[in-house]
Amino acid sequence: MPDALQVLNNGVPISWYLMLSAVLFVLGVAGFLFRRNIITVFMCIELMLNAVNLSFVAFANAHKQVSGQIFVFFVMVVAAAEAAVGLAIILTVFKNRATLNIDEIDSLKN
Amino acid sequence: MDLFFFVLFAAIAVLSAISVVVQRHPIASALSLVGVMASIAILYLALGAEFVAMVQIIVYAGAVMVLFIFVIMLLNAGAEQRRGRSLTAQLLGVPVLIAFLGSICYFLQREFANAGFMKFGNFTGGSAQGIGIALFTEYLLPFEITSVLILIAILGAIVLARKEL
């Protein structure tokens, strides 16, 4: 662990950004596993993608290269496409089954 | 000053993320997620990623979250009802996640403790110009492929949203 004086002189360690990213990712996993509303589960996936983006940008800063930010750009494009298709799927599921609870959407079971 | 802004916006991000997970109403979760995204955008700015920070605000906090809130309002999604879980999930869920977080943090501390320091202004490659040059020279083919991906996503959304499906 870098000591306090070092942090005040040099700025924030990159590893702290990575740990923040890890905390956000684990919170996203927790929501994904514990929540029962399909829309909230979907939002937790977005939270996980954001956490990973943060570590990409932190690595781009650490290596002084722009490639990490390009990856973030591509992740954002994929996330936007995923949100459009995923929400359309949620709409269709709700139209057919009239529920948002993931425990009740089990037609692939057995 | 760097440390102050990092701690402030990291705290806002973590508290909003906790709020996303524990709120019972989807609208409250969605608004907390906007808070997470906005504070992450500030952290991007501090890391020298100006373009990515703006795209984060415009695309994520703007377009994607509006889509979410639109669907929540369209489906009239109410508060989630409490449901009994299995004993294993109740007992082991949180401890296993904390162990997961602990192992990730241990690994990060071991491998990246000397990864350097973030000081505001020590990396300025993330301007719109820098991103544009990299995107249209080195990463031109992936950039073109994403346009095909978006076309497919639009077609998929239209097919799924048809009446007779």
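In this predicted model, Gln69(A), Val72(A), Phe73(A), Met76(A), Ala79(A), Ala80(A), Ala83(A), Ala84(A), Leu87(A), Ile90(A), Leu91(A) and Phe94(A) of H4(A) meet Val52(B), Val55(B), Val59(B), Tyr60(B), Ala63(B), Val64(B), Leu67(B), Val71(B) and Leu75(B) of H3(B), where contact requires C-beta atoms, placed from the backbone, to lie within 7 Å. By class this contact has 20 nonpolar, one polar and no charged residues, with Ala, Val, Leu, Ile, Met, Phe, Trp, Tyr, Cys and Pro counted as nonpolar, Asp, Glu, Lys and Arg as charged, and the others, Gly among them, as polar. Residues are numbered from 1 along each chain as written, chains are lettered from A and ligands numbered from 1 in the order written. Because the model is predicted, local features need pLDDT of at least 70 and side-chain atom pairs count only at pLDDT 80 or more, whereas totals for chains, interfaces and linings use all residues.

**Chain A against chain B**
- H4(A) and helix H3 (residues 50–75) of chain B pack at an angle of about 5°, with their axes 11 Å apart, the axes being lines fitted to C-alpha atoms over the stretch in contact and the angles running from 0 to 180 degrees between N-to-C directions.
- H4(A) is therefore roughly parallel to H3(B), a term used for angles under 35 degrees, while those over 145 count as roughly antiparallel.
- Across the two chains, 62 residues of chain A are in contact with 69 residues of chain B.
- H4(A) supplies the largest share of the side of chain A that touches chain B, namely 20 residues, and that side divides into 48 nonpolar, 10 polar and four charged residues.

**Chain A as a whole**
- Chain A has four helices and one strand, taken as DSSP runs of H or I over at least four residues and of E over at least two, numbered from the N terminus.
- The radius of gyration of chain A, taken over C-alpha atoms, is 19 Å, well over the 13 Å that the globule rule gives for 110 residues, so chain A is more spread out than a compact globule; the rule is 2.2 Å times the number of residues to the power 0.38.
- The C-alpha atoms of chain A fill a box of roughly 60 × 25 × 20 Å along the principal axes.

**A helix pair within chain B**
- Helix H1 (residues 2–22) and helix H2 (residues 26–46) of chain B pack at about 160°, with their axes 8 Å apart, and are therefore roughly antiparallel to each other.
- The contact of H1(B) with H2(B) has 13 nonpolar, six polar and one charged residues.

How values were computed: Angles under 35 degrees count as roughly parallel, over 145 as roughly antiparallel, 65 to 115 as roughly perpendicular and the rest as oblique.
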